[in-house]
Amino acid sequence: IQRLISLLGGYTEGMFALALEPEAVKDFFNRFADFMIELVDHLMAFYPVNLLTIHDDWGTERDTFFSPQMMEDLVFEPTKRIIEHIKAKNCAFMMHSCGNVSRFIPYLIDMKADFLQLQRRSVDVPAMKAKYGDKIGFNAGMEIPEWERSYTKEEMIRIIHNTVEIYGKHGGFFSSVFEMDSEKLWDYTWELYAYSREYYDRQKKAAEA
């Protein structure tokens with residue numbers, strides 16, 4: 001979708017094309033899928049890639065800006081073809097999509113995407129993890145209550161633990177900590193690693209009991 005919008009010069013033109021020229025748009029998406037497959041082959045000929053992310057924003061903060069019918073008729077098959085090609089090369093696939101794209105998550109599961117990277121202020125990502133976390137993975141940041149204020153080290157450790165507890169169930173979660181201070185960044189990243197290991201060890205023991 002973003003490539004169509006870029007080609008046509010704006011969202012208005014892109015939305016008109018989706019509605020008024022679906023066959024031409026479908027041809028464009030299919031050719032773009034061919035291009036992406038060629039690009040993946042070229043990239044993997046030179047680099048040992050094990051995770052690829054495609055960025056394609058599908059919504060505003062209110063909702064998706066195209067319908068489920070357009071997803072099924074125009075977007076689904078070309079996107080699925082790209083994902084299948086990437087995964088056939090023993091490489092995981094992650095879709096980044098800004099906007100409230102919650103209603104498209106089942107389609108991404110059907111496409112066999114491995115991970116989702118969603119815009120937290122638009123999507124209730126913890127709720128999506130609870131609903132779909134046994135079917136697809138999530139890449140998410142820390143669940144910070146208020147981004148406008150700073151936190152003490154003790155508060156950040158509690159935030160890290162809470163984030164792991166929210167997203168860790170069923171596995172399929174990876175994250176990172178944003179911190180400008182290099183010493184704090186090391187401490188927080190180590191805490192995230194250590195606590196997530198402890199969390200999954202507890203999960204494994206509970207499953208074996």
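Of the 209 residues in the protein chain, buried residues make up 41%. Buried means under 20% relative accessible area, exposed means over 50%, and partly exposed is in between, using a 1.4 Å probe on protein chains only. This is a predicted model, where local features need pLDDT of at least 70, side-chain atom pairs count only at pLDDT 80 or more, and totals for chains, interfaces and linings use all residues. Residues are numbered from 1 along each chain as its sequence is written, and side-chain values use heavy atoms, with hydrogens and water left out.

**Stop 1: the whole chain**

Show the chain as a cartoon. Its secondary structure comes to eight helices and five strands. Helices (H or I, at least four residues) and strands (E, at least two) are DSSP runs, numbered from the N terminus. Follow the chain from the N terminus and the elements run α-α-α-β-α-β-α-β-α-β-α-β-α. The C-alpha trace spans about 55 × 40 × 35 Å along its principal axes.

Among contacts with a separation of 6 or more, 64% join residues 24 or more positions apart.

**Stop 2: Tyr-11**

Select Tyr-11, which is found in helix H2. Is Tyr-11 buried, partly exposed or exposed? Its relative accessibility is 45%, so Tyr-11 counts as partly exposed. Tyr-11 touches Ile-5 and Phe-65, not counting residues up to four places away in sequence. Tyr-11 and Ile-1 are ten residues apart in sequence, and their C-alpha atoms are 9.5 Å apart in space.

**Stop 3**

Two packed helices are described by the angle between their axes and the distance between the axes. Axes here are lines fitted to C-alpha atoms, for helices over the stretch in contact, and angles run from 0 to 180 degrees between N-to-C directions.

Select residues 11-20 for helix H2 and residues 22-44 for helix H3. The two pack at an angle of about 110°, with axes 6 Å apart. That makes H2 roughly perpendicular to H3. Angles under 35 degrees count as roughly parallel, over 145 as roughly antiparallel, 65 to 115 as roughly perpendicular and the rest as oblique.

Show side chains at the contact. H2 supplies Ala-17, Leu-18, Ala-19 and Leu-20, and H3 supplies Pro-22, Val-25 and Phe-29. By class, the contact has seven nonpolar, no polar and no charged residues. Ala, Val, Leu, Ile, Met, Phe, Trp, Tyr, Cys and Pro count as nonpolar, Asp, Glu, Lys and Arg as charged, and the others, Gly among them, as polar.

**Stop 4: along H3**

Keep H3 selected. The expected span of a helix is 1.5 Å times one less than its number of residues. The 23 residues of H3 should span 33 Å, and its end C-alpha atoms are 32 Å apart, which agrees.

Which residues of H3 are buried? They are Val-25, Phe-29, Ala-33, Met-36, Ile-37, Val-40 and Met-44. These buried residues pack against helix H1 (2-8), H2, strand S1 (51-55) and H4.

**Stop 5: H3 against H4**

The axes of H3 and H4 come within 9 Å and cross at roughly 10°. That makes H3 roughly parallel to H4. On the H3 side, the contact includes Lys-26, Asn-30 and Asp-34. On the H4 side, Asp-73, Arg-81 and His-85 are among the residues met. This contact has twelve nonpolar, two polar and five charged residues.

**Stop 6: the cores**

A nonpolar core is a set of buried Ala, Val, Leu, Ile, Met, Phe, Trp, Tyr and Cys residues joined through side-chain atoms within 4.5 Å. The largest has 45 residues, and Ile-1, Trp-58, Phe-66 and Met-71 have the most contacts inside it. A second, separate core of twelve residues includes Ile-144, Tyr-151, Met-156 and Ile-159.

**Stop 7**

Select Asn-90, in the loop between H4 and strand S2 (92-97). Asn-90 has a positive phi of about 60° although it is not a glycine. Asn-90 counts as exposed, at 70% relative accessibility.

Move to Lys-112, in the loop between helix H5 (105-110) and strand S3 (115-118). Its phi is also positive, near 75°. At 51% relative accessibility, Lys-112 counts as exposed.

End at Gln-119, in the loop between S3 and helix H6 (125-132). Gln-119 is buried, with a relative accessible area of 19%. Leaving aside neighbours within four places in sequence, Gln-119 is in contact with Glu-61, Ser-97, Cys-98 and Gly-99.

Key: Contact = heavy atoms within 4.5 Å.
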